[in-house]
Every structure is written in C-alpha cells, then in structure tokens.
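Subject: Structure for your review

Dear colleague,

I am handing over the structure below, followed by an account of what was found in it. Please read the text with the model open beside you.

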Amino acid sequence: MKLVHSYLIQVIVIPSKSQEIIEAVKKVSDFKYGKYSWVYWQSEAGTEHFDDEQNPTVKLEFSIYKSYELLTEVLESIISVHPWREPVIRVTEVQETRTGK
C-alpha cells in the first residue's frame, strides 16, 4: 500500500446538469483511481439555500492526480458547462491510498 498526492474535487450542481459536467471532465481526465477508470461519486439530491431561495442540488466528487496543469483543465471544463454564474467547486489537496492490486 502507498499514498499518492491528489486533488479532491467537489462540485455542487442541479441534478439535471450533473451528467453534463461529468461528460465535460471526461474530455480532459479519465477519473483514474488505481486500476479503475471513471471513478466518481454523486450524492442524492439535497437542498441548497442561498438568499431567499432553495434549490435541489447534488454533489459530485472525484479525484485527479496532483498536477496543476490537469487541475486547471478540469476546472475550466466544469466552469464551461456549469449553469451558475458562480459555480460551487471545492478543491482540496489530499493523499489517497493505492494498493497496486
């Protein structure tokens, strides 16, 4: 087992646009996690609150290997299709396990 440096990316979006975001990111990343490709997580719909509004939203979560160039491409691909003027995107530097199995 080893630890690898990665970026964990979380995106909040309305459910009807989640697949469009995934497809946009697939053009620049293969969502690789160990020997698996296309690894991402999508939450059940929750409720986002802002100003006096409430909207159903989901959270998409995936990781990419730590490369600022790749991170920039991924963020640009998300922003290009995200329906909000100010997309909620969180990027965290993390270490993830890889077993090599």
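The secondary structure of the chain comprises two helices and five strands, where helices (H or I, at least four residues) and strands (E, at least two) are DSSP runs numbered from the N terminus. Read from the N terminus, the order of these elements is β-α-β-β-β-α-β.

Please bear in mind that this is a predicted model, in which local features need pLDDT of at least 70 and side-chain atom pairs count only at pLDDT 80 or more, while totals for chains, interfaces and linings use all residues. Residues are numbered from 1 along each chain as its sequence is written, and side-chain values use heavy atoms, with hydrogens and water left out.

As for overall dimensions, the C-alpha trace spans about 45 × 25 × 20 Å along its principal axes. Of the 101 residues of the chain, 33% count as buried, a term that stands for under 20% relative accessible area, with exposed meaning over 50% and partly exposed in between (1.4 Å probe, protein chains only). Among contacts (heavy atoms within 4.5 Å) between residues at least 6 apart in sequence, 71% join residues at least 24 apart.

The largest nonpolar core has 18 residues, a core being a set of buried Ala, Val, Leu, Ile, Met, Phe, Trp, Tyr and Cys residues joined through side-chain atoms within 4.5 Å. Strand 1 (2-13), helix 1 (18-26), strand 4 (53-65) and helix 2 (68-81) are the elements that give two or more residues to this core, and the largest share, five residues, comes from helix 2. Those with the most contacts inside the core include I9, F62 and V74; V74 touches I9, V25, V28, S29, F62 and I64, leaving aside residues up to four places away in sequence.

The structure also holds three aromatic pairs, for which rings of Phe, Tyr and Trp (its six-membered ring) must have centres within 6.5 Å, with planes under 30 degrees apart counted as stacked, over 60 as edge-to-face and the rest as tilted. The rings of F31 and F62 have centres 4.8 Å apart and planes at 80°, so this pair is edge-to-face. Because F31 lies in the loop between helix 1 and strand 2 (41-42) and F62 in strand 4, the pair ties together parts that are 31 residues apart in sequence. F31 is buried at 0% relative accessibility, and F62 is likewise buried, at 3%. Ring pairs link F31, W38, Y40 and F62 into a cluster.

With best regards
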